[in-house]
Structures are given as structure tokens and as C-alpha cells.
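Here are a few exercises to work through with the sequence and the model side by side. Try each task yourself before you read its solution.

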Amino acid sequence: NSANFSYANVSISMKECIKHFNLDPKQAAAFTVICSSFMLSFLNDPTITKTKSKSELETASKILLEKGAKSRLIMHLTGSGGSGKSFVLKATKAFCHQFCKAIGQPFDESVFIISATTNTAAAQIQGDTIHSLAGLRSRLTNIMRNGKINWRLAKVLFIDEISMLDIKDFIKLDKYLRHFMAQYNPDAMNFPFGGLHIVLCGDFSQLNPIGRNVIYDRNLNALW
């Protein structure tokens, strides 16, 4: 349970997971940053009852920050086809699942959200399209009432084939996530994507959105 979980052993657990999934050094680096940020979000979540002392929590935060944890991670996980981005996703999901189990917290598709910009890409990673999950084709008021995700539990969002997302949907996603997360934390309105950990996966040298503007155009996208 959470009282018995030791953050001092995190390094050992991570190394075991990295070895099990045979991650190379670059994959392992991304895995470590994402998992550390995921764990830090539980330490920083005021809605979760803490069983450890203040000094123990501070030590745990220090351990995670030294591993590259961010309180609000935004990562671009890139590489050509076959470079192992899916292995990083699988390893990260497995580790985060075990972490939640160890501290007695739920782990499901609302906690660890897997999405892609196309139906085909979403099916390959056992996820859903980001348009469906975030309701990008619906009015904000409608999706707030009838969304698929329990945003109170949300910790990290993966979006695969990010190069296929056009700039209008990218900006709308930021707006929607701020409102989703602000239902439970008003400060979320002040942070990109509501402060949710975001991992953008994909290679911008591959396909771009057909007939639309790319998200990395800094003249059009203040978030980039």
C-alpha cells in the first residue's frame, strides 16, 4: 500500500522495467522522465490523502526531480518509423500501472490516456482518437457533460501521429483541456493543456495534415 511504498527504490524498479522492455539509452531517458513526472503528479495532487510525513514527501519529490520529473511535462517523443516509440509507451504504461497499484490509486484510460490523430494509429496502440476523447468536434459545453474521460483522475495524455493534427485542433485541445482540468483545480486555466502531462509522439518529416497548417508554425501557434 501507499504507506509501504518507497520512492528510494524507484531507480531499481525503473531499471528493471527498462531491462524488461529492452529500451535503448534514448528510449530509457524518455521513459524515466515520463514516469518520474507521472509519480510527481500524485505527490502534488492535493485531492490524494498522503500517508507519509512532510519530510518523506520532500525527499520523494527530490528523487523524482533529479530524474527529470516535471510538474507539467510537455514532451515531443520523436523518431523515424520503427525507432521504438511504441516500446516507450508500453514500458511507461506498465510501470505507471504498477506504481498506481503499489500506492492504492486507480489506473485506467482516464488516468493514463492513450490517443492518436487517426483511427488506424489509435487502433495500433489500443487507444482512441484525440478528437473523440477530447470532443474536438463538439461544443465545449456538450463534452463537459458527456465526455469519455474522468478528467479528475487524468495525469498524462499521449497523442500519437502528432504531425497529422492541424493547428486549429491543437489550439482547441489546449482550450478544452484547461476547462476540463479547471473543474477540479481552478489554477489549471493558467497552464498549457490545463497542466496535464502531455507526450506528443510522431515524426514531423512524415505526413502533415492535408490542406491545413502544421502545429509547429510559430507564427500561428503561440504554444509551440
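**Exercise 1. Which residues is Val 199 in contact with, leaving aside its neighbours within four places in sequence?**

Step 1. Apply the cut-off: contact means heavy atoms within 4.5 Å.

Step 2. Leaving aside neighbours within four places in sequence, the contacts of Val 199 are Ile 34, Met 75, Leu 77, Val 156, Leu 157, Phe 158 and Ile 159.

Step 3. Helices (H or I, at least four residues) and strands (E, at least two) are DSSP runs, numbered from the N terminus.

Step 4. With a relative accessible area of 0%, Val 199 is buried. The classes are buried under 20% relative accessible area, exposed over 50%, and partly exposed in between (1.4 Å probe, protein chains only).

Step 5. Finally, take Thr 78: Val 199 lies 121 residues from Thr 78 in sequence, and their C-alpha atoms are 10.0 Å apart.

A note on the basis: this is a predicted model, in which local features need pLDDT of at least 70 and side-chain atom pairs count only at pLDDT 80 or more, while totals for chains, interfaces and linings use all residues. Residues are numbered from 1 along each chain as its sequence is written, and side-chain values use heavy atoms, with hydrogens and water left out.

**Exercise 2. Describe how α2 packs with α3, then how α1 meets α2.**

Step 1. Two packed helices are described by the angle between their axes and the distance between the axes. Axes are lines fitted to C-alpha atoms, for helices over the stretch in contact, and angles run from 0 to 180 degrees between N-to-C directions.

Step 2. For α2 (residues 25-43) and α3 (residues 54-66), the angle is about 160° and the axes are 9 Å apart. The two helices are therefore roughly antiparallel. Angles under 35 degrees count as roughly parallel, over 145 as roughly antiparallel, 65 to 115 as roughly perpendicular and the rest as oblique.

Step 3. On the α2 side, Ser 36, Met 39, Leu 40 and Leu 43 meet Leu 57, Ala 60, Ser 61, Leu 64 and Leu 65 of α3. Sorted by type, the residues of this contact are seven nonpolar, two polar and no charged. Here Ala, Val, Leu, Ile, Met, Phe, Trp, Tyr, Cys and Pro count as nonpolar, Asp, Glu, Lys and Arg as charged, and the others, Gly among them, as polar.

Step 4. The axes of α1 (residues 10-20) and α2 come within 11 Å and cross at roughly 135°, which makes α1 oblique to α2.

Step 5. From α1, Val 10, Met 14, Cys 17 and Ile 18 meet Ala 28, Phe 31, Thr 32, Cys 35, Ser 36 and Met 39 of α2. This contact divides into eight nonpolar, two polar and no charged residues.
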